There are 2 protein chains.
Amino acid sequence: MRRNLCQPGPRHDALIRLLQTAEVIWEGSRILFSRWALSPSQFNLLNLLKNEPAGMSQTELGRQLVMHKSNVTGLVDRLQKRGLVDRRKTLGDRRAYSVVITEKGRRIIAEILPHYYSATESVMAPISLKRVNDLISDISRIMEHAHQLTHEVKDRK
Amino acid sequence: MRRNLCQPGPRHDALIRLLQTAEVIWEGSRILFSRWALSPSQFNLLNLLKNEPAGMSQTELGRQLVMHKSNVTGLVDRLQKRGLVDRRKTLGDRRAYSVVITEKGRRIIAEILPHYYSATESVMAPISLKRVNDLISDISRIMEHAHQLTHEVKDRK
DNA sequence: CATGTAAAGTTGACATATCAACTATCGATA
DNA sequence: TATCGATAGTTGATATGTCAACTTTACATG
């Protein structure tokens, strides 16, 4: 028997801390963005769209933001109501919308970004650049592996 | 002017990846726990209580699970309805409940834990033990710093 | 061309999460 | 002891998130 699979070890500890850290950072970002009455998800969506002049379909938004497509509907609804994004009919596909950021949305993002970058740098300040690079490579491997495992489990269903 | 605060650098990249990785892992855990009709939050709550024979107040649960205390109310409600936890009146304080895990809750957690530990080890398998230790130390520093920054912003309000 | 299958988006039911406002209780202290 | 500020928990409003079921459209293949 492989006892190591049934008891928490350092890898488990690392995973838990990773999740907790993400929660703390997410909570901090919620407080930061509340100055502009945006939720973290709303900011992420706008921030993603600012580099997409042609916009993006809601399904693609859901994929990139790691959320169910039905959630994108409401998110876009509320942002559209505030005039920060717009739904444009797609030429090639009459099922799909192209969600684009408006000028107003662009302005609010431009106003937030300096504070946002400043905050992210500040959070990560205690980590040396060498360590940051190790971190990126390790975390990327973990993400890839987690993704793969998740799909295996899903397909088995 | 400090230009570096207004442009994304490697530290920003690391932060984003950390958050995305946490989302992917959280999603994977949701699929894992769905076999027992538990949400990740429900599992975390039960898992926390299994080592607390005296139980824990809802406020303390909220603190440890990084969630608002009003959310604990509903979470405990649903778990209590399924007979997995119980609210016990506290002797010393008539305002507070002590939330304890039931025998049924203990059984379900005992059944899940091997799969859970196996899954966490599997996710983190591509990382060497040395790197895991570095990861723990770096992430802990980040969490601590993020926590501190969040409180500063909160107090300024 | 017809038909079946897949994909885009919406909807309704529900869990999860926040916040503000509320009740009840605790504790310190005047 | 009376009072006042803090703490435990609930409630209602709302946002965020999942899922299953649905409509509409696209596309491949007979």
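**Note on the A–B interface and DNA strand C**

1. Across the interface of chain A and chain B, the rule finds two salt bridges, a salt bridge being a side-chain nitrogen of Lys or Arg within 4 Å of a carboxyl oxygen of Asp or Glu. A:R131 forms a salt bridge with B:D138, with 2.8 Å between the closest N and O atoms.

2. This is a predicted model, in which local features need pLDDT of at least 70 and side-chain atom pairs count only at pLDDT 80 or more, while totals for chains, interfaces and linings use all residues. Residues are numbered from 1 along each chain as its sequence is written, chains are lettered from A and ligands numbered from 1 in the order in which they are written, and side-chain values use heavy atoms, leaving out hydrogens and water.

3. The contact (heavy atoms within 4.5 Å) takes 64 residues from chain A and 64 residues from chain B. The two chains bury about 6500 Å² between them, 69% of it on carbon and sulfur atoms; buried area is the accessible area (1.4 Å probe) that two parts lose on being put together, summed over both. In chain A, the residues that lose the most area to chain B are A:R11, A:Y117 and A:E121, together 11% of what that side buries.

4. Between chain A and chain B, 16 residue pairs are in polar contact, both at pLDDT 80 or more. A polar contact is a pair of N or O atoms within 3.5 Å; within protein, one must be able to donate a hydrogen and the other to accept it, and residues adjacent in sequence count only if both atoms are side-chain atoms. On the side of chain A that touches chain B, α1 (10–33), α5 (103–124) and α6 (129–156) each supply at least two residues. Helices here are DSSP runs (H or I, at least four residues), numbered from the N terminus. α6(A) gives the most to that side, with 21 residues.

5. DNA strand C is surrounded by 24 residues, the closest being A:Q58, A:R95, B:S39, B:H68 and B:S70. Of the atoms of DNA strand C that come within 4 Å of the protein, 67% belong to sugar and phosphate.

6. Phosphate oxygens of DNA strand C lie 2.3 Å from a polar side-chain atom of B:S39 and 2.4 Å from a backbone N or O atom of B:H68.

Notes: A residue is near a molecule or strand if one of its heavy atoms lies within 4 Å of it.
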